[in-house]
Amino acid sequence: MPDADVIRQFVATRLDGDLLPWSGQAAVMERFGLSNAESEDVVLAAGILPARYSRNRQMLTTALQLKLFRSRVVVVGCGGLGGYLIEELARLGVGHLVVVDPDTFVEHNLNRQLFANASNIGSSKVTAAALRVESVNPAVTVHCVARAFEAGDHSTLAGADAVADALDEMPARFALAEGCRDLGIPLVHGAIAGWYGYVATILPGDRTLHQLYNRHGGRRGIEAQFGNPSFTPAVVASLQVAEICKILIGQGTLLRHKVLTINLLDSEIETVAMD
Amino acid sequence: MQITVRLFLAFRTGRFHTKALECAAGTTVQQVVRDLRLPETDLGTAIVNGREVELGEVLAPGDTLLLFPLVGGG
């Protein structure tokens, strides 16, 4: 890999102000025989910000942008929540996304699942996620896991800096929480139903899920009555992405030992202490 | 005896956020849930004074009971 000085020298004439446009990054790839991901790493490591992150820079230093790029986030579920999670994490610049979902798109996904469109009904959700990420941020690497998350699946979670719960059934959510606890990985939980949702950040050993879902009994929740419109997964997933960003950069206050309750029908968002 | 009940999300519709309720000594969580006409299968958790409890939990004067609907979609 070319070192930082070599990169800085090479890009010096290709910068736009102090930002490196795509054309400059493409030149780095060509000159040094690097992939998108490799070029992203050496450019950020040299302290240079790719131009497409310029609207991050008042919140994130280039060093933090590199930290995000070198992070690995597992998104379990690529449906309503998952679509927005993956889109936003990719645009944020998280370098490795592991996307987990056994399903293919069906017609009713079109009302809320970001990657579902009229031409990909019947095709794999994780494949659609990978294609979308390739188009919005080719520097991000997507690892597709086209199977359901199961209890004891440590290999899917291994090496993650954070995990997003974008599942739609309770036993799997608890299995995921156990896996994250066993591996010492922070878990950002999200759940939706109609106008409503919950978000909570669970660090290994926290009892939040057990407290919030004590009576789940393996049942589906009120989403069976209320369904899921387009906007609720977007709101909840975005809150989850903000939590994940804070975990990765080590800043801000997490939704830990609490649950954020979202009521879009009455426009009320309320934090309740848990455990 | 008096207890405080806090409802969340869909449970508030047609009911309340927070209310002081008068109930008989020995009232259980299940009785409160039924009195409020909340479907038991919609209940995600009942929390009394910060601790999750079963439906049979007997309430005491001054208790705060939180009732959350089960939200499981993704």
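The buried residues of helix H2 (residues 22-32) of chain A pack against helix H1 (4-11), strand E1 (19-20), helix H3 (36-45) and strand E2 (49-50) of chain A. This is a description of a predicted model. The buried residues in H2(A) are A:Gly24, A:Gln25 and A:Val28. Around the helix axis they cover an arc of only 100 degrees, so they sit on the same side of H2(A). The face turned away from that buried side carries A:Trp22, A:Ser23 and A:Glu30, which are exposed. Just after H2(A) comes A:Gly33, which takes a positive phi of about 65 degrees.

**Domains**

The domain assignment of chain A gives domain 1 (4-60) and domain 2 (71-273). Their C-alpha centres lie 31 Å apart. Five residues from domain 1 and six residues from domain 2 take part in the contact.

**The sheet**

Chain A has an open sheet of eight strands, in the order E5-E4-E3-E6-E7-E8-E9-E10, with mixed pairing. Strand E5 (141-145) and strand E10 (268-273) are the edge strands, each pairing on one side only. From one strand to the next, the twist averages 15 degrees.

| Strand pair (chain A) | Direction | Bridges |
|---|---|---|
| E3 (residues 72-76) and E4 (residues 96-100) | parallel | five bridges |
| E8 and E9 (residues 258-263) | antiparallel | four bridges |
| E9 and E10 | antiparallel | six bridges |

A:Val75 stands opposite A:Val99 in E4(A). A:Val199 stands opposite A:Leu260 in E9(A), and A:Ile262 stands opposite A:Ile269 in E10(A). The hairpin of E9(A) and E10(A) has four residues between the strands, and in this hairpin A:Ser267 takes a positive phi near 50 degrees.

**The nonpolar core**

The largest nonpolar core has 104 residues, of which A:Val75, A:Leu97, A:Val163 and B:Leu67 touch the most other members. Helix H11 (residues 231-249) of chain A gives the most to this core, with eight residues. Both domain 1 (4-60) and domain 2 (71-273) of chain A supply residues to the core, so it lies between them. As a general point, nonpolar side chains in soluble globular proteins tend to be buried together.

A:Val75 also has a list of contacts of its own. Leaving aside neighbours within four places in sequence, A:Val75 is in contact with A:Gly82, A:Leu85, A:Ile86, A:Leu97, A:Val99, A:Val100, A:Ala164 and A:Ala166.

**A residue in helix H11**

A:Thr232 has its place in helix H11 of chain A. A:Thr232 counts as buried because it has 25 C-beta neighbours inside 10 Å, and the cut-off for a buried residue is 20 or more. Not counting residues up to four places away in sequence, A:Thr232 touches A:Ile192, A:Gly194, A:Trp195, A:Gly197 and A:Leu264. A:Val136 is 96 residues from A:Thr232 along the chain, and the C-alpha atoms of these two residues are separated by 23 Å.

How values were computed. Residues are numbered from 1 along each chain as its sequence is written. Chains are lettered from A and ligands numbered from 1 in the order in which they are written. This is a predicted model: local features need pLDDT of at least 70, side-chain atom pairs count only at pLDDT 80 or more; totals for chains, interfaces and linings use all residues. A nonpolar core is a set of buried Ala, Val, Leu, Ile, Met, Phe, Trp, Tyr and Cys residues joined through C-beta atoms within 7 Å. A residue is buried if 20 or more other C-beta atoms lie within 10 Å of its own, exposed if 12 or fewer, and partly exposed in between; C-beta atoms are placed from the backbone. Helices (H or I, at least four residues) and strands (E, at least two) are DSSP runs, numbered from the N terminus. Domain bounds come from an automatic or database domain assignment. Two residues are in contact if their C-beta atoms, placed from the backbone, lie within 7 Å. Two strands pair if DSSP finds at least two bridges between them. Axes are lines fitted to C-alpha atoms, for helices over the stretch in contact, and angles run from 0 to 180 degrees between N-to-C directions. The arc is that of the directions from the helix axis to the C-beta atoms.
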